[in-house]
Structures are given as C-alpha cells and as structure tokens.
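Dear colleague,

Please find the structure below, together with its sequence. A short account of what was found follows it.

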Amino acid sequence: MSALANRAFVKMNGLGNEIVVVDMRKQPSAISAGEARAVAQPQGAPYDQMMVLYPPRMAGTESLVRIYNNDGSEAGACGNGMRCIASLVTKETGKDKLTFEVDGRVLNTWKNPDGQFTVDMGVPRFAWNEIPLAEQFRDTRAIELQIGPIDKPILHSPSVVNMGNPHAIFWVDDVNAYDLAKIGPLLEHHPIFPQRANITLCAVRSKEHLTIRTWERGAGLTKACGSAACAAAVAAARLRRTGRKVKVKLPGGELTIEWRESDDHVLMTGPVQYEREGKFDPALFTGAAKAGAA
C-alpha cells in the first residue's frame with residue numbers, strides 16, 4: 001500500500017498557488033513520482049506543489065522539506081509553499097522564526113506583525129553552469145534564445161537566474177498578450193535548459209513595481225510562483241530597471257521582494273490561505289507506486 005494512503009494532508013494556497021502539505025516527520029516514507037502524480041488528480045487533492053515535511057537532518061532546523069510538482073518531478077524551491085509551511089509550523093510551535101532544510105539549502109522564515117510571512121530564499125546564482133544552461137554564456141542578464149520567426153521573434157533575449165530552480169525571464173510590455181499555455185511548454189523543454197526551466201513574462205511598471213505571469217516547470221500555468229517573482233525582481237535589478245526592493249504583481253495577488261544589499265539574500269513576503277484538511281483515499285494509489293519515477 002502507498003505510504004500516502006490514509007495520510008493526512010492540509011490544502012493551502014499562497015496567492016492562488018495551490019499547495020498541499022504532508023507531514024511525515026513522525027512516520028517518514030519515500031514518495032514515488034507516480035504517487036505524487038496520483039495526489040494531484042481531480043479526485044485527490046489537486047496542487048501545483050506538494051510540500052512534504054521529513055525529520056530534520058541539520059541541527060537547528062524544524063524539518064527537511066521535499067517539494068513535488070504536480071507532474072511528479074521534484075522542485076528545488078517553492079516560495080509560496082514555504083510560507084504555507086511556515087504558517088502551519090508557527091501555529092504548531094508558537095515560534096515566529098523558523099529554519100528549514102530544502103534541497104541542501106537552509107531557509108529561514110518568519111512571521112510579520114501584519115500576519116504575512118517572509119521567506120529568505122537565499123542567494124541567486126547567475127553563472128551559466130549554475131542555472132544550468134547547456135552552453136556557456138558569459139553574461140546571463142540576456143542570453144541568445146528566441147521563439148518565433150528569426151526576423152520577428154515572439155519572445156527573445158531572456159534573463160536567466162537560478163533561485164533554487166532555473167528561471168528564464170522574458171521582458172514584455174503586456175504579460176497577457178502572449179499565449180503562455182502554448183509557449184511555456186516549448187520553452188520549458190528547450191535544449192538550452194538541461195533541467196528544464198520556469199518561464200516568466202515580466203513587465204516593468206516602474207522602479208518599484210513589476211507584473212509577471214509564469215509557466216512553472218513541472219506544474220504549468222499558475223496564479224503565483226514565488227521563486228519566479230524573486231527571479232524577476234533580481235533580474236530587473238541586475239539590468240537597473242528597478243531598485244532592489246519591489247512589489248511584484250502576479251495573477252493571484254502581490255508579493256514584496258527585496259534583494260538585500262548587505263548579503264545578497266532574496267527576501268519574499270506575502271500572505272497564506274488555509275483551505276481544508278483531509279486524508280488521501282487509498283484508491284488513488286492503485287498502481288501508482290509501481291509507476292515509480294516513470
């Protein structure tokens with residue numbers, strides 16, 4: 001039987017980014033790609049990302065967190081999901097400041113007086129082999145990549161950055177003027193991105209405001225992607241289109257992103273919303289474990 005059968009979960013969202021949280025700190029068990037996909041089905045608990053808490057491995061951390069996209073693949077970061085986890089663990093422990101291990105990194109979170117949560121997303125990475133890209137680019141503020149006719153591309157010259165996940169940010173005037181559901185998958189799987197990439201359209205509204213839409217690697221169109229908001233803010237600041245602190249408007253709402261000058265850490269602040277609790281129906285997982293990493 002699946003490790004997730006009859007397992008309790010909490011359904012939440014961060015600005016419409018659908019999150020399922022599963023606590024395995026007391027009874028840890030591995031989750032296969034097939035099981036993660038099964039959970040995301042309409043008869044399960046549909047999600048963009050599933051955040052799974054495991055027993056801590058590092059001293060001073062609350063837990064190890066593993067993140068699954070709805071296609072069963074694992075993600076290296078999910079800012080909105082981390083705010084959801086921070087909200088739950090803060091309520092459980094009474095501690096406003098928490099530390100988690102995520103994909104080998106240590107992330108700090110804290111609750112603000114207004115009830116919103118901040119996640120320290122760490123330091124962005126810009127080197128071509130850190131993003132990673134399939135070929136070398138000395139300047140990742142704009143790489144040679146386009147989609148559409150050579151003489152009149154639909155999108156071109158994205159900024160690329162790793163914010164725990166690979167991100168490509170295309171600069172546009174209107175983020176709603178493109179069929180991102182069609183363009184997103186093509187760019188996500190472009191050969192230049194050996195680990196695929198999150199694809200973001202970004203419009204600079206002012207020195208303090210950005211608007212974005214994102215096609216998430218492994219999840220598709222989403223109302224909000226926290227790591228994409230961080231990547232867009234950092235990329236805009238690198239190009240001197242904005243300052244180091246901006247409001248980022250996403251389809252689901254607004255995040256505040258600060259690329260802190262003192263240590264280059266990126267801080268993401270925003271709300272969380274509780275939806276419901278439940279238990280996974282064992283019937284969801286018939287054959288899912290056998291599907292494994294397929």
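**The largest cavity**

The largest cavity is lined by Gln49, Asn69, Ala75, Ala77, Asn165, Asn198, Glu216 and Arg217. On a 1 Å grid over the protein atoms alone, a cavity is a set of points where a 1.4 Å probe fits but cannot get out, a pocket is an open set with protein on both sides within 12 Å along at least five of seven lines, and lining residues have an atom within 4 Å of a point. This is a predicted model, in which local features need pLDDT of at least 70 and side-chain atom pairs count only at pLDDT 80 or more, while totals for chains, interfaces and linings use all residues. Residues are numbered from 1 along each chain as its sequence is written, and side-chain values use heavy atoms, with hydrogens and water left out.

The volume of the largest cavity is about 40 Å³, a volume being the space filled by probe spheres set on the points, which are joined across faces, edges and corners.

**The largest pocket**

The largest pocket has a volume of about 420 Å³. Of its 21 lining residues, Val10, Val21, Asp23, Leu88 and Glu92 lie nearest the centre. Helix α2 gives the largest share of this lining, five residues; helices (H or I, at least four residues) and strands (E, at least two) are DSSP runs, numbered from the N terminus.

**Helix α4**

In α4, 12 of the 13 residues are buried, that is, under 20% relative accessible area (1.4 Å probe, protein chains only). Among them are Gly226, Cys230 and Val234. Arg240, which follows α4, has a positive phi, near 60°.

With kind regards

Definitions and conventions: Buried < 20%, exposed > 50% of the residue type's maximum accessible area, 1.4 Å probe, protein only.
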